[in-house]
Structures are given as C-alpha cells and as structure tokens.
Amino acid sequence: GAYTADVLLTELNTNYLMKIESSGDSKKSEVITRIYQHVFAAVTLNSPPNQGGEVERVLLPHLSTIVNATLDALTTKREPTHHIMLLRSLFRSLQDGKPDHLLRDFKAMLPHTLDVLIAVLKREEPNYLQHRSGRVLKMSQPKQTRRSTATTAQTASKAARPLWEQIAELCLALPVRLQHLLPHLHQLMEP
C-alpha cells in the first residue's frame, strides 16, 4: 500500500535514482526502473477519478525529485535510456490515472521540463538531420543497393530508437491538460 510505496520511493530517490546507468550495470538500472514503474502503476490503479488515492499522496512529495533528477540525467548522461523510460512511465501513469494533485504539481514544473526537453532535442538535431538524410539517400539508391540497406535497416530497427525520437515522444506525452500546454505551444514548434 501507501507505506510500502513511500519506503520504496524514499530509498530509490535517496540511493539509486542518480546511479541509474552510471554504474555500468544495465541489469541493475533495469531493475530500479521497473520498481519505479510498479510504483507509478499503483498510482494509476489506486486513484479513483477526482479523488486523491493513498499512493498519489505518497508520490506527491517525490514527484519533483524524480522529474528534476531524470531531466538532469538527460542533459548530463551520454545514454540516458533508463531515465527516459522512467519519465515515459511516469507521464503515462499521470495521464492514465488522472491524479489531480500530481497533475497540478507537474503543471508547475512544465516550463522547466519543456526547456530541458527542447534543449536536448536541439542538441540531438544533427543526429536527426543525419537520420533524415540517410533515409532520403537510401530511397535514391539503385535497387540492388537498396535491398542490402533494407536488411541493415531491419537490423537497426531492432536496436534502440535514437535519443531524439525518444525525447520527441516525451514532448508529445507531457501529462498536462491542453489548456495548460497552449501557452507553451511556441516552444513545442521550435525544434
């Protein structure tokens, strides 16, 4: 219940949140991310519409810590894959459960969150342009060459998606109501 979620979040935020992926142990990072995802799922399951659930009240004081630490990791770490997964699962649980208190708290963090996500997108823009030009180049190649690149493209699609694509998905999945996102629409149109 709520007590377990509070103990888990306190321990994870204190000792493990910034260690995700820095230890080089991908399995450890995956386990930490999964534990967070289970706590976020509990918010979705235990939050009746327009009522604050117990787990929601427990997550409320930890929300800014989790969001700020993951945003910091996006700007400082080379491969923040698990941090992106953490943010994505947090955003989805906030959207699915519609926990009013958490959404209100996140609304205050929206400008900073957008600034960081857009900055990372701009930093990754050369990779995006290179990806786009590679796709255009593949289409203009002769058929024999296209076949060989098609098999490499299938192999590459099984690999992790590019960072810019994952960040763009986070920008589109921000857990705020449209009325709160409209004042920031110009920021979303930049990249």
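Q: First up, Arg177: buried, partly exposed or exposed?
A: Arg177 is partly exposed, with a relative accessible area of 42%. Buried means under 20% relative accessible area, exposed means over 50%, and partly exposed lies in between (1.4 Å probe, protein chains only).
Q: Where does this model come from?
A: It is a predicted model: local features need pLDDT of at least 70, side-chain atom pairs count only at pLDDT 80 or more, and totals for chains, interfaces and linings use all residues. Residues are numbered from 1 along each chain as its sequence is written, and side-chain values use heavy atoms, with hydrogens and water left out.
Q: Back to Arg177. Which side chain does Arg177 meet in a salt bridge?
A: That of Asp100, at 3.4 Å, N to O. A salt bridge here is a side-chain nitrogen of Lys or Arg within 4 Å of a carboxyl oxygen of Asp or Glu.
Q: Where do Asp100 and Arg177 sit in the chain?
A: Asp100 is in helix α5 (residues 100–123), and Arg177 is in the loop between α8 and α9 (178–181). They are 77 residues apart, so the pair links distant parts of the chain. Helices are DSSP runs (H or I, at least four residues), numbered from the N terminus.
Q: Why can such side chains pair at all?
A: Side chains of opposite charge can pair when their charged atoms come close.
Q: How many salt bridges are there in the whole structure?
A: A search finds four. One of them joins Arg88 and Glu169, with the closest N and O atoms 3.3 Å apart. Arg88 lies in helix α4 and Glu169 in helix α8 (residues 163–172), so this pair ties together parts that are 81 residues apart in sequence.
Q: Is Arg88 buried or exposed?
A: Buried, at 16% relative accessible area.
Q: What else is in contact with Arg88?
A: Setting aside neighbours within four places in sequence, Arg88 is in contact with Arg161, Gln166, Glu169 and Leu170. Contact means heavy atoms within 4.5 Å.
Q: Which residues are linked with Arg88 in a network of salt bridges?
A: Arg92 and Glu169.
Q: New topic. What do the side chains of Arg123 and Glu124 form?
A: They meet in a salt bridge, 3.7 Å from N to O.
Q: Which of those two is buried, and which is partly exposed?
A: Glu124 is buried, at 11% relative accessibility. Arg123 is partly exposed, at 38%.

Note on methods. Helices (H or I, at least four residues) and strands (E, at least two) are DSSP runs, numbered from the N terminus.
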